[in-house]
Structure formats: C-alpha cells, structure tokens
Amino acid sequence: MASGTPYKPYRHLKTLTAHTRAVSCVKFSNDGTLLASASLDKTVIVWSSQTLSLVHRLVGHSDGVSDLAWSSDSHYICSASDDRTLRIWDARAAATESAHVKTLRGHSDFVFCVNFSPQSNLIVSGSFDETIRIWEVKTGRCLHAIRAHTMPVTSVHFNRDGSLIVSASHDGTCKIWDSSTATLLKTLIDDKVPAVSFAKFSPNGKFILVATLNDTLKLWNYSTGKFLKIYAGHVNRVYCITSTFSVTNGKYIVSGSEDRCVYLWDLQQKTMVQKLEGHSDTVISVTCHPTENKIASAGLDGDRTVRIWAQDS
Amino acid sequence: MNAPIIDPLQGDFPEVIEEYLEHGVMKCIAFNRRGTLLAAGCSDGNCIIWDFETRGIAKELRDKDCIAAITSVCWSKYGHRILVSAADKSLTLWDVVSGERLTRTTLQQTPLQARLNPGSSTPSLCLACPLSSAPMIVDLNTGSTTMLPVSIPDTGNGTVPQSRNKFSDGTPPFTPTAACFNKYGDLIYVGNSKGEILIIDHRTVQVQAMVPVSGSAVVKNIVFSRNGQYLLTNSNDRTIRIYENLLPFKDGLVALDDLDKTLNELDGVEKLKAVGSKCLTLFREFQDSITKMHWKAPCFSGDGEWVIGGSASKGEHKIYIWDRAGHLVKILEGPKEALIDLAWHPVHPIVVSVSLTGFVYIWAKDYTENWSAFAPDFKELEENEEYVEREDEFDLVPETEKVKESDVNEDDEVDILTLEKNSAFSDSDMSQEELCFLPAIPSPDVPERQDKCVESSSKLVDSNQSGSPLSEEAEPNGHTTNHASSPPEEDAGGSRMKRKRKPSEKGLELQAEKVRKPKSSGRLSKVKNKSVVDQDNGNGFHGDDVSD
C-alpha cells in the first residue's frame with residue numbers, strides 16, 4: 001500500500017440475534033445511521049448503527065425476503081421477496097404498522113435482487129422469472145420489463161449516475177443495460193458456466209466487481225471488456241454471496257464465503273489480508289459502513305445472526 | 001455523464017415519437033440545465049414539472065391567483081427557480097424545491113416570453129417580451145421595469161427615450177420584438193422589426209452594437225445555442241439565419257467597450273454597425289425554398305451541432321432538422337396537430353414538441369441494439385475488412401492454443417474512487433449546488449392493503465394478478481396485457497390528477513408511427529427488450545411490443 005501504515009485487523013464487536021431463519025442480506029444506510037437486515041423469516045429488521053439495538057421489525061411479506069436496498073436519502077427501504085412482490089418501507093416511520101408504503105407487483109416468480117437508482121426515483125429488480133424490471137418509485141408503475149436472461153437473475157445494480165444497469169444471472173452472463181431505454185449495451189461475460197452470482201459497480205462507476213460460482217471474484221473494466229484483478233481464496237460454489245468495496249481506511253474488497261468466514265483482500269495487491277471467523281454457517285452478505293471502519297455480515301440458517309466487526313481505533 | 005460504452009455515433013438526432021406526455025393542455029416547455037426535469041406551462045395557469053427519467057410528474061406549481069394560460073416557462077441557471085409568464089399579464093417566480101411562490105409582478109401587457117438572467121443562480125432580473133411593445137427588463141423584487149431600445153435613431157448616440165408608445169421610426173407598435181440574453185447574462189440581443197440585431201448592455205440601457213440582418217425582414221425569434229457560440233434568428237422572410245458569436249464569453253462587455261474605443265473615429269449608426277460586424281458574422285441561412293414555410297420555435301441542439309425548426313403551418317406537425325453546415329437531414333412528422341413549442345434536450349438526442357391539443361411528444365432515436373452487445377468478443381465493423389489469419393490458424397494443433405495470456409498488467413493500480421468530469425458541462429461552477437432531481441416520495445398504496453401488513457398473511461399472494469392500480473402487469477411469457485379495453489384505473493394517490501384515458505383513435509395513430517420492433521439475435525434468441533404498454537396512465541405511452 002502506498003500509505004505504508006500497517007493493516008489494522010477487524011475485530012468482532014457484537015452479534016445481533018433477532019431473526020428466526022437464515023438472514024439473506026444486510027445493508028448499512030447511506031448516511032450510516034441505520035442497518036437493515038432481511039431474512040427468510042419474512043421480515044426486515046432495522047437496527048441503529050450506533051447502539052446496535054433493534055429499531056423496527058418490518059412485517060408484511062408473505063414469504064422469505066432475499067434482498068433489500070436503501071434509497072439515497074436513507075428514508076426508504078425496498079425489499080425483494082419470494083412472494084413475488086417488492087415492498088417499499090418508510091425507515092423513519094414512528095410505528096411499525098405505518099412503515100409499509102407501497103407494494104410493487106408484476107414479477108411472476110421470486111424476486112431475488114433489488115436496488116435504488118442514485119437519484120432514487122427508480123428501482124431495478126431481478127427475479128427468478130428471468131426478467132429485470134424498472135419501477136418508478138413515486139407511483140409504483142413498472143416502466144420497463146426486460147427479458148434479460150435465460151435463468152434466474154441474481155444481481156442488479158445501477159451505476160453512479162443512474163444511466164447504466166449491470167445484471168448477473170445463473171445463465172453465466174453478465175450484461176450492461178441502458179437504464180432509460182432498457183436496451184442492451186454490452187455483454188461482459190458470456191460463458192455458460194460458471195453462473196455469475198453477483199455484480200456491482202465500483203463507487204466511481206468505471207469498474208464492475210463480479211462474483212462467479214467458481215470461488216472467484218473479478219474486477220472488470222467494462223469499457224475495455226477485460227478484467228483487471230482476480231481475488232480468490234474463499235469458497236463460493238452454491239450461494240449468491242454479496243461482496244463490496246471498503247474504502248474508509250484503505251481500499252479493500254470484502255466478501256462472504258461458504259466456509260463461514262468473511263474475507264478481506266487488498267484491492268490493488270489482491271492478497272488476502274484478513275479472514276473474519278465467527279459465523280456458524282455460510283456468510284451470505286457483507287456491507288461496509290459509509291464512513292466508519294465497520295463491517296456487518298449475515299449468516300445462513302445454521303447461524304441466523306448478523307455480526308458487526310470494527311477496526312480498533 | 002456518458003458511459004464510454006454508449007456508442008458515440010448514436011448521439012445524433014431523433015427519428016420517431018417515443019412517448020407522449022399528457023396532463024391538461026400544455027402550452028410551453030423548458031428543460032432544466034441537465035435535461036433531467038421538464039417544466040411545462042398549462043392553459044389553466046399551472047406549471048407542471050416532469051421527471052424526464054421516469055416520465056412521471058415530479059411536482060405541480062399551482063397558483064390560485066393565476067388561472068390564465070401560461071405563455072412561457074424559464075428555469076434559472078442551476079434549476080432552483082422557475083419564471084412563469086401568463087396571459088393575465090403576470091410574471092411569477094417560483095422556488096422549485098419548496099413549491100412556493102416567491103414573487104408575482106403584473107405588467108402593463110401580456111408577456112409572450114420571459115427569460116431569467118442566466119448569469120446568476122438566484123436571479124432577480126428578467127427579460128420580458130410583451131405582445132406589442134418593446135422588450136423590457138423587469139426587476140422581480142421591486143417590480144420596476146426598464147424598457148429597452150428597439151431601434152437606433154438616425155441622430156444621437158444610441159440611447160432612446162423611454163416612451164413606449166411608438167417606435168422612433170414610426171412603425172406601429174404591434175409587432176412583438178424578440179430578445180434574448182447572451183450566455184453570461186451581461187448583454188441582451190434584440191431582433192427588431194427593421195431586421196436588425198441590436199446588442200444592448202442592459203445595465204446602462206445603451207445600444208452597443210448593431211448588426212443588420214440581410215433581407216431586413218421582421219425578426220420573430222432570436223436564440224443562442226447552449227454554449228453561447230452561435231446565435232439564431234428567425235425572420236419574416238421565412239429564413240432562419242445562424243450567426244457566429246465573435247465576442248468572448250465571459251467578458252463580452254469589456255470587449256465591446258474596447259471595440260468602441262478603437263473605432264472612435266466613427267460616429268452614431270456607422271460606429272454601431274462597425275462594432276456589430278466584429279460581434280457577429282453570418283454563418284448559414286436555412287429556408288425551405290419549395291414550400292416557403294414560415295418557421296416556429298427554432299432552436300439549437302444541446303451541443304450546437306443541429307438546428308431544428310417547426311413548421312408554422314396549421315394542421316401539420318413537422319420538425320425540420322438541419323446540421324450546422326446547412327444540410328437538411330431529417331423531417332419529423334407528427335400527428336396532424338399544429339406545433340406550438342419545441343425544445344431539444346441539453347444532452348441526449350431527444351426533441352420535445354408541444355402540439356396545439358396540449359400533448360407533449362417526445363422524439364427519440366429508434367434504438368437498435370448493436371450486434372456487438374450480445375457477446376463480449378463481438379466487434380462491429382464499419383465495412384468489410386480483409387481478414388489476415390494467424391500463422392498457425394489452420395494447423396491441426398495450433399501453437400497458440402495454450403493459455404490465452406491477458407495483455408493487461410494485473411499489478412497496475414486500479415482507481416475505484418475518482419470521478420470523470422463530464423465534458424458537456426465544463427462550465428459548471430462546482431461551488432453551486434445544482435438541482436437535478438426532485439425527491440421521489442413514494443405515494444402510499446390504498447389503505448385496504450395496509451391493514452393486511454400487520455401480520456404476515458397469505459392474502460397478499462393471490463392478489464398478484466388482481467388489478468393493482470399502481471403497478472404494471474405483464475404476463476410471464478412476455479405478452480403485454482392490452483389495456484385499451486379495460487376500464488380506466490383510478491389513481492390511488494389522490495393528490496395527483498386528472499389523467500384522462502386516451503381514446504384509442506389517438507393511440508392507433510401513434511402506434512402507426514411507433515417503431516419499436518422486436519430485436520432478436522441469432523444466438524441468444526431470448527434476449528429481447530420489452531417495453532410494457534402503459535396505456536392506463538395518461539402520462540407515458542410506449543408502443544406495443546410484439547411478443548415472441
């Protein structure tokens with residue numbers, strides 16, 4: 001690293017147990033004040049990042065929740081569920097009953113992944129029905145339904161200015177779409193095997209981090225169509241494990257793994273710098289706090305907890 | 001903010017109607033600086049702000065005091081304010097984010113056009129062009145008006161008496177005079193009824209220069225391009241003329257003063273003409289020599305490469321597109337309704353036109369997907385290329401069948417944080433916060449669904465296919481439900497609006513012009529784009545897609 005400061009390891013801070021089934025997703029809000037976790041127990045729980053105590057339990061879905069996303073102003077959460085709907089919740093609602101704002105209907109199978117656009121006037125969702133849908137937040141109207149893939153869509157993400165959407169699927173492809181016209185702009189990966197389990201734009205929108213079910217994470221430059229970095233050492237063969245960028249104190253790639261650990265790699269050197277142990281099942285999702293050096297991770301059914309890790313100050 | 005993979009060659013000019021917006025009867029439109037919001041003035045005195053990305057209404061500015069038709073709409077430079085002029089002689093200034101009315105000024109005559117000073121982010125001065133007198137500068141805070149000179153008297157040094165009853169050359173004061181600010185708001189360019197362009201310093205109300213327009217016909221419109229490099233005039237002799245602006249952008253006034261001093265030996269009109277010749281030069285003229293059409297609402301494209309003009313003939317909706325070199329590249333034809341306003345999107349190749357019936361038509365390129373989009377190693381070739389095969393290409397056991405080496409150095413530093421600057425907005429003053437989007441607040445679902453959410457219940461599952469008023473339904477195999485015959489959906493939000501169901505006649509007419517054909521690739525036959533027909537909501541309309 002250019003800075004020369006030695007790497008400060010993350011230590012386990014707290015374990016949050018409140019879900020009664022596997023936790024599928026954790027995300028910090030963009031302002032860092034709240035943490036949301038989604039679970040197969042059909043609920044979404046909102047925690048305070050500071051006190052790590054439960055604030056809301058959002059009930060309403062009739063089947064497990066696979067993914068959630070925060071709006072840019074941290075006011076709304078959108079959850080994607082196996083009951084084929086997406087729900088928009090008000091995270092600041094005074095009472096839990098009034099938190100549900102809207103239900104988005106249209107998918108014909110499990111909704112697997114969801115994200116807000118950076119301006120948060122659009123929501124993109126990917127589903128087991130092999131389509132990607134773009135919704136208008138204000139009215140809940142579905143603006144586009146794209147027949148994007150030939151197998152379930154595992155991941156969708158907007159780039160920084162909202163003009164592009166990247167989608168990944170079990171059919172082994174990773175595609176880039178123009179969000180305003182819903183047309184295909186580029187196919188990044190097109191091998192039938194392995195399945196692409198996750199894709200996400202870098203903070204500046206120039207690179208895409210792609211996870212494939214052959215224990216590999218790659219950082220692609222999508223304009224040249226070549227990958228620049230490979231990160232390996234973890235186990236990822238079955239589940240759609242999310243990974244993310246950690247930029248608050250040096251640049252790292254953070255990912256969950258099927259060997260129950262959270263892996264951290266140095267972005268440039270590609271070397272693994274730490275393995276966080278503690279979960280008792282696959283770590284399916286990780287999220288980094290936007291300003292503090294904190295990581296939250298979620299475990300599947302054998303674990304059912306959300307763990308918080310922080311760097312010693 | 002153009003992603004590098006969006007094909008740059010596709011950024012040309014629009015070809016077909018992509019969608020139409022409907023809400024009341026809209027009369028005039030204006031894009032904000034980045035083209036993310038579109039403001040539309042209606043015949044009932046309201047101003048609607050459309051979110052151009054979602055094609056939905058972002059905000060409505062309603063004024064109970066104003067029920068007369070809006071004649072023009074103008075954004076402030078960074079999108080925080082909107083100035084609206086109406087047929088009841090009023091000028092209203094609104095704050096966009098709060099939706100509050102800031103000032104309201106009443107003039108002596110109905111302003112046909114009102115423009116905020118582009119040089120300031122919170123402008124208090126505006127330029128108003130009334131129906132039948134000289135254009136004036138209005139101070140929105142005090143309400144005071146300053147008339148601008150519209151012609152140069154034969155004697156004198158260029159200042160004009162403040163009377164507005166008659167022009168000093170005796171022409172009757174009925175012809176509206178066109179005027180516009182230059183890019184930085186320090187000069188005003190006026191096109192008068194004698195076919196002259198006057199460059200006026202609005203602070204001293206002095207004519208600094210004069211440029212005669214060949215043909216001497218009445219100037220009906222005068223417009224600058226977005227980058228301030230070109231000026232367009234639309235004259236009564238059915239010709240659109242393009243001038244190149246020779247003055248420097250930032251210090252136009254200073255440059256004019258310098259020119260003034262260097263030409264000291266000349267006097268009066270001669271001097272103004274000489275200075276004028278150093279400010280503008282005629283670049284091109286456009287006219288339709290066959291139909292000798294009058295033009296309406298001409299303007300430049302966002303990058304100044306194209307010029308569009310609408311046909312002023314009643315009963316037809318034609319938009320002519322020229323490139324700046326003067327060649328007519330396209331004529332867009334819409335449904336048979338007269339065109340009343342036209343605007344080109346600041347960034348994208350999209351044109352928005354307003355028809356007499358109050359609809360706003362959005363024209364865009366006919367999007368065809370590149371074949372190269374379908375596979376990572378597909379490349380598009382402009383023309384046939386000679387293929388030179390590798391040395392061992394036809395060998396039974398080629399040498400190079402070993403590991404394909406990546407020609408990328410994997411140890412290079414990758415920068416994931418720095419942003420690229422957007423060249424289209426190079427002059428943006430980053431210290432000013434620009435208003436690009438209005439916050440999208442999801443409107444709550446109808447209450448009956450809300451009480452079901454306290455405990456998880458199975459009732460929600462089977463309501464998937466029953467009519468949800470707010471989301472679109474498309475069958476899983478890609479067919480879109482034809483909403484033309486289903487009853488109109490009620491708007492659950494309550495606060496919104498009068499959305500009318502379109503008679504299918506209009507829908508059919510537009511469908512005839514729609515060109516969204518299904519695109520199939522040989523290899524990946526299931527990769528298609530589907531736009532969902534959205535005929536319930538009057539706001540947006542996508543053409544029907546043929547399913548596979």
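Predicted model: local features only at pLDDT ≥ 70, side-chain atom pairs only at ≥ 80, totals over all residues.

Q: Which way do β23(A) and β24(A) pair, parallel or antiparallel?
A: Antiparallel, over four bridges, with β23(A) spanning residues 252–255.

Q: And how many residues sit between β23(A) and β24(A)?
A: Five, and the two strands form a hairpin. In that turn, R260(A) has a positive phi of about 70°.

Q: OK, what about the pairing of β24(A) with β25(A)?
A: β25(A) covers residues 272–277 and runs antiparallel to β24(A), with five bridges joining them.

Q: Is β24(A) mostly covered or mostly open?
A: Mostly covered: six of its six residues, 261–266, are buried.

Q: Which residues go on which side?
A: C261(A), Y263(A) and W265(A) are on one side, with V262(A), L264(A) and D266(A) on the other, and both faces are covered. Side chains in a regular strand alternate between the two faces of the sheet.

Q: Switching topic, where does UniProt put the repeats?
A: The unreviewed entry annotates "repeat: WD" on chain A at six stretches, including 16–57 and 231–275.

Q: What do residues 16–57 look like?
A: In chain A they are 0% helix and 57% strand, with end C-alpha atoms 13 Å apart.

Q: And 231–275?
A: That stretch of chain A is 0% helix and 44% strand, and its end C-alpha atoms are 13 Å apart.

Key: Residues numbered from 1 in each chain as written. Chains lettered and ligands numbered in written order. Heavy atoms only, no water. UniProt positions renumbered as here; feature names shortened; annotations may be inferred. Buried < 20%, exposed > 50% of the residue type's maximum accessible area, 1.4 Å probe, protein only. Pairing = 2+ DSSP bridges.
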